[in-house]
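Welcome! Here is a short tour of one structure, taking in its aromatic rings and one of its helices. Please have a look at the model first.

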Amino acid sequence: MSAVARQDVTVLDCTLRDGGYYTNWEFEDTLVEEYLKACVATGVDVVELGYTQFTPSDRGPYGRFPSGVTPALRDALPDGHRLRFAVMVDAPALAEVPAAEAGPRLRRLLADGPLPVDLVRVAVHHSVAAGVAEAVDSLREAGFGVCLNLMQVDLATPAEVAGLVRLVAGLGPLESLYVADSLGSLHAPRIAELVEEFRAGQAAPVGLHGHDNQGFALHNTLAAAQAGATWLDATVLGMGRGAGNTRTEQLLAALGTDQRALQPMLDLVARRFEPLMHKYRWGASALYAIAGMRRIHPTYVQRLEEGLERDVEVKLRALDFLARNRKTSFSAASLEGALRHAAV
């Protein structure tokens, strides 16, 4: 695999959003300040500040940005920094407001935030992507750059992928179109195929959001870049839902970031994120690999692993039950059913 030039790609760090699945989107103010400074120092291009909600939520501040986020963040960054800031909106959250009002409402919501958000990432399951077209228009008309993240694309048939390409081509200008390996199930050859197909059929730059269920997140991300993807997601120490994501510090190193420039991010990992990993226990494992290979939603494993006293045989039987019943979306009821089955 030949090298990908750092200047040719946009690195987007989504630690506060994806890592929030472990902390209920609560992070210490000092940690966030140190994190933002490390992102500037190491050349991260975009920081995703979290999820935005249109209605009240019991999530922590970075799950309902900017509500509850300290105004002091605006003073945490050095003058002249070039970071861009993004938020993510899930399609179900967009459905809570009239599509034509999504842009103006979000503009008002973010106006009082501590950092200037100019990029909105819309996360939508690939099968219902057509349903966000009007909201995408509204967000763009409100002045936001829009990224479209297509979830669980691995489950799409060739005909469905071809239809998605045509759909996206008709949506108007996008900052990027993301292939999201939501289940951690994709391998590099398939990722390359998807990247090439989306690049050939529509105008937006293509990106990859990788998960590390099988330990392939970095490899898959670099394979996507080799195939022409120019937006690459990562999180510090891979902190993210389930097994986590491509590690920011590893991706930057693989893209040729100088050792001296990388040091602030590695310091942050050692001081702040390794203790969090010890506490929350994300990362590739045999159970996550099974979930990835058998296309089980990663939250099932995350919840199974929270019960430290739970017997491994029960976990394996539960995963087998979930796989046979094609549980690609998480529900607490399905998990309870799997555990009842596994206990028999």
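A charge sits over a ring if NZ of Lys or CZ of Arg is within 6 Å of the ring centre and within 35 degrees of the ring normal. By that rule, R121 lies over the face of Y178, at 4.8 Å from the ring centre. This is a predicted model, in which local features need pLDDT of at least 70 and side-chain atom pairs count only at pLDDT 80 or more, while totals for chains, interfaces and linings use all residues. Residues are numbered from 1 along each chain as its sequence is written, and side-chain values use heavy atoms, with hydrogens and water left out.

**Aromatic rings**

- Seven aromatic pairs turn up in a search of the whole structure; rings of Phe, Tyr and Trp (its six-membered ring) pair if their centres lie within 6.5 Å, with planes under 30 degrees apart counting as stacked, over 60 as edge-to-face and the rest as tilted.
- One of these pairs joins Y21 and Y51 edge-to-face, 6.2 Å centre to centre and with 90 degrees between the planes.
- Y21 belongs to helix α2 (residues 20-23) and Y51 to strand β2 (residues 46-51), so this pair ties together parts that are 30 residues apart in sequence; helices (H or I, at least four residues) and strands (E, at least two) are DSSP runs, numbered from the N terminus.
- F27 and Y62 also pair edge-to-face, at 6.0 Å centre to centre and 70 degrees between the planes.
- F27 is in the loop between α2 and α3 (29-42) and Y62 in the loop between β2 and β3 (84-90), so the pair links parts 35 residues apart in sequence.
- Y62 counts as buried because its relative accessibility is 2%; buried means under 20% relative accessible area, exposed over 50% and partly exposed in between (1.4 Å probe, protein chains only).
- F27, at 10% relative accessibility, is buried too.

**Around W25**

- W25 forms one aromatic cluster with Y21 and Y51.
- Over the ring of W25 sits the charged end of R59, 4.1 Å from the ring centre.

**Helix α8**

- The buried residues of α8 are A188, I191, A192, L194, V195 and F198.
- Seen down the helix axis, these buried residues fall within an arc of 165 degrees, so they line one face of α8; the arc is that of the directions from the axis to the C-beta atoms.
- P189 and A200 are exposed on the other side of α8.
- Cover for the buried residues comes from elements including β5 (145-151), α7 (158-169) and α9 (217-226), where contact means heavy atoms within 4.5 Å.
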